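Please take a first look at this model. The report below covers the ligand's surroundings and then the aromatic rings.

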Amino acid sequence: MNATSSPHIVILGGGYSGTLVAVNLVRLAAKPPRITIINAHRPAGRGVAYGTRRMEHLLNVAARNMSAFPDQPDHFVNWLRTRAEYDLVPDYELRERFIPRMIYGDYLKSLAHHHLNEVNHVKGEAIDIQNDGTITLADGSELKADRIVLATGNEAPADLLGAESLAAHPAWAGNPWLPWHEKLPPDTGTIILLGTGLTTVDAIITLRALGWLGRIHAVSRHGWLPNAHFRGIDYPDFPPAEVDLADLGLEKLVTLMEHHCARLREMGANPAIIVDKMRPHTQRIWQRFTLEEKKTFARHHAARWNILRHRIAPEIHAQIASAQLTGQLQIHAANIERVESAGERVRVLLSDQKHLEGDLVLNATGPQTHFTATKSVLLQNLLRRGLITPDDMEMGIRIQPDHTIVDREGNPSPHLIALGPLLRGTYWETIAVPELRGQAKRVAETLLGLGTSTESQPVMMEFMI
Ligand SMILES: Cc1cc2nc3c(=O)[nH]c(=O)nc-3n(C[C@H](O)[C@H](O)[C@H](O)COP(=O)(O)OP(=O)(O)OC[C@H]3O[C@@H](n4cnc5c(N)ncnc54)[C@H](O)[C@@H]3O)c2cc1C
């Protein structure tokens with residue numbers, strides 16, 4: 001960049017995170033910089049989550065907490081009012097609704113339409129970045145950037161043992177975000193969903209919306225399905241006023257949480273209230289844990305945390321319960337040992353010498369979280385060059401508090417800055433809109449040299465789900 005020209009900011013990834021960084025750059029800058037968004041594979045401006053074309057896929061966060069801007073909490077609810085189907089819904093009801101994710105994608109597109117007229121959009125996959133900020137795309141073209149934002153998002157689930165030989169098998173679907181429902185077996189068939197989290201819930205809801213009547217098996221280590229959102233009670237005793245949760249360390253924290261969960265159970269209330277009350281503190285607690293505590297949490301407590309934390313819309317929960325009641329859906333608690341071909345079917349080998357066979361088997365085990373195993377050519381090249389380096393937990397990459405990437409030598413990168421799921425190891429919780437909107441604003445502020453606003457820090461209001 002010469003002294004007179006505007007810096008060129010290139011954003012790699014045009015999902016929620018990348019789009020919101022660009023929108024914040026434009027809305028916060030006195031004179032917006034030159035911006036390019038490079039996006040591949042998923043619908044630009046929508047990404048994996050909001051690129052769905054299926055109306056039955058609902059947001060798992062109520063409308064009142066889905067604003068794209070931390071400093072304008074009612075922005076999404078007000079936008080919904082521009083649509084005929086929500087125009088006359090009373091405010092108290094609209095705020096609590098779980099809106100189709102496709103409509104949330106329309107919201108993001110409308111923000112892009114409003115703010116990003118001057119932005120250059122490139123369709124293509126970035127595969128490498130050189131030390132001087134030159135980006136190489138898969139088609140061989142190159143682009144020079146002053147600052148580069150890594151907003152590459154969620155990766156498809158990790159491969160399961162044996163999956164490499166199933167790539168072309170008609171009964172295998174290794175990526176749940178590709179249109180697997182185009183190869184449904186007849187109603188006499190069986191579908192096996194590997195995982196019992198939010199992706200499996202999406203799949204079951206789609207099967208029901210399609211009127212598919214066959215058998216569904218879902219398998220995971222604990223066999224726990226997500227809980228429904230609920231209206232909690234007022235419980236001012238947690239966290240105790242005299243305690244800073246981040247000071248406790250893992251063992252004392254777990255003991256304190258278990259004590260309060262037990263009290264809530266005695267009162268006939270849902271103990272998941274404690275998880276909600278933890279959320280404003282989660283990132284700080286995680287960052288204060290020792291590495292050993294982080295590993296212990298990931299090994300022994302994460303599954304339970306996730307099941308209490310990631311909730312679904314009550315109407316979606318009711319459909320899952322109905323599928324279980326009718327016997328269409330069976331849940332299995334077992335380890336998935338490997339997958340293999342069984343003629344036209346796929347066999348899933350489970351712990352305890354059990355197995356299941358499906359006419360369609362879907363890997364819905366959740367996004368890959370072992371960072372160095374990333375399948376992204378770009379991220380592998382950056383790792384090889386030492387321009388990025390794994391965090392202590394190997395769940396993502398190392399950054400500074402202002403989101404500037406730290407290289408292999410421990411130096412802040414002159415070009416690279418990151419947000420979103422790449423920061424799992426740094427924040428633990430870095431996937432849902434209430435976290436990402438704050439990050440998008442913070443990254444834009446860093447790029448514009450504005451310093452970090454307190455509004456973009458996680459505050460209680462943002463996490464009331
Ligand atoms: C199915 C699903 C449902 C969800 N539902 C909710 C919800 O209801 N509420 C909520 O708060 N959160 C939800 N989430 C969380 C969600 O992940 C975030 O809200 C958000 O969508 C993440 O956005 P992102 O831009 O970081 O990543 P992504 O949406 O994954 O977007 C990343 C984009 O970058 C592109 N890309 C990657 N690498 C490159 C490259 N090298 N070159 C060019 N482009 C590249 C990808 O193809 C993609 O288009 C959901 C997530 C999923 C997966």
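Which atom of the ligand does a polar side-chain atom of Asn-39 lie 2.8 Å from? It is an oxygen atom. The model is a predicted one.

| Residue | Polar atom in the residue | Ligand atom | Distance |
|---|---|---|---|
| Tyr-16 | backbone | oxygen | 3.0 Å |
| Asn-39 | side chain | oxygen | 2.8 Å |
| Val-48 | backbone | oxygen | 3.1 Å |

On its own, the ligand has 990 Å² of accessible area, and the protein covers 93% of that. Elements giving two or more residues to the shell are α1 (16–28), β2 (34–39), α2 (47–50) and α15 (433–448). Helix α2 gives the largest share, four residues.

The shell holds 35 residues, and those that come nearest are Ser-17, Asn-39, Ala-40, Tyr-50 and Asn-60. By kind, 19 shell residues are nonpolar, twelve are polar and four are charged.

Now the rings. One aromatic cluster is formed by Tyr-16, Tyr-50, Phe-76, Trp-79, Tyr-104 and Tyr-107.

The model has 14 aromatic pairs. Take Phe-76 and Tyr-104: their ring centres are 4.9 Å apart and their planes stand at 70 degrees, so this pair is edge-to-face. Phe-76 sits in helix α3 and Tyr-104 in helix α6, 28 residues apart. Both residues are buried.

Trp-286 and Phe-297 also pair edge-to-face, because their planes are at 70 degrees, with centres 6.1 Å apart. Trp-286 is in helix α10 and Phe-297 in helix α11, so the pair ties together parts eleven residues apart in sequence. Trp-286 and Phe-297 are both buried.

Technical notes
Residues are numbered from 1 along each chain as its sequence is written. This is a predicted model: local features need pLDDT of at least 70, side-chain atom pairs count only at pLDDT 80 or more; totals for chains, interfaces and linings use all residues. Side-chain values use heavy atoms; hydrogens and water are left out. Rings of Phe, Tyr and Trp (its six-membered ring) pair if their centres lie within 6.5 Å; planes under 30 degrees apart count as stacked, over 60 as edge-to-face and the rest as tilted. Buried means under 20% relative accessible area, exposed over 50%, partly exposed in between (1.4 Å probe, protein chains only). A residue is near a molecule or strand if one of its heavy atoms lies within 4 Å of it. A polar contact is a pair of N or O atoms within 3.5 Å; within protein, one must be able to donate a hydrogen and the other to accept it, and residues adjacent in sequence count only if both atoms are side-chain atoms. Accessible areas come from the Shrake-Rupley method with a 1.4 Å probe; for residues, only the protein chains shown count as cover. Ala, Val, Leu, Ile, Met, Phe, Trp, Tyr, Cys and Pro count as nonpolar, Asp, Glu, Lys and Arg as charged, and the others, Gly among them, as polar.
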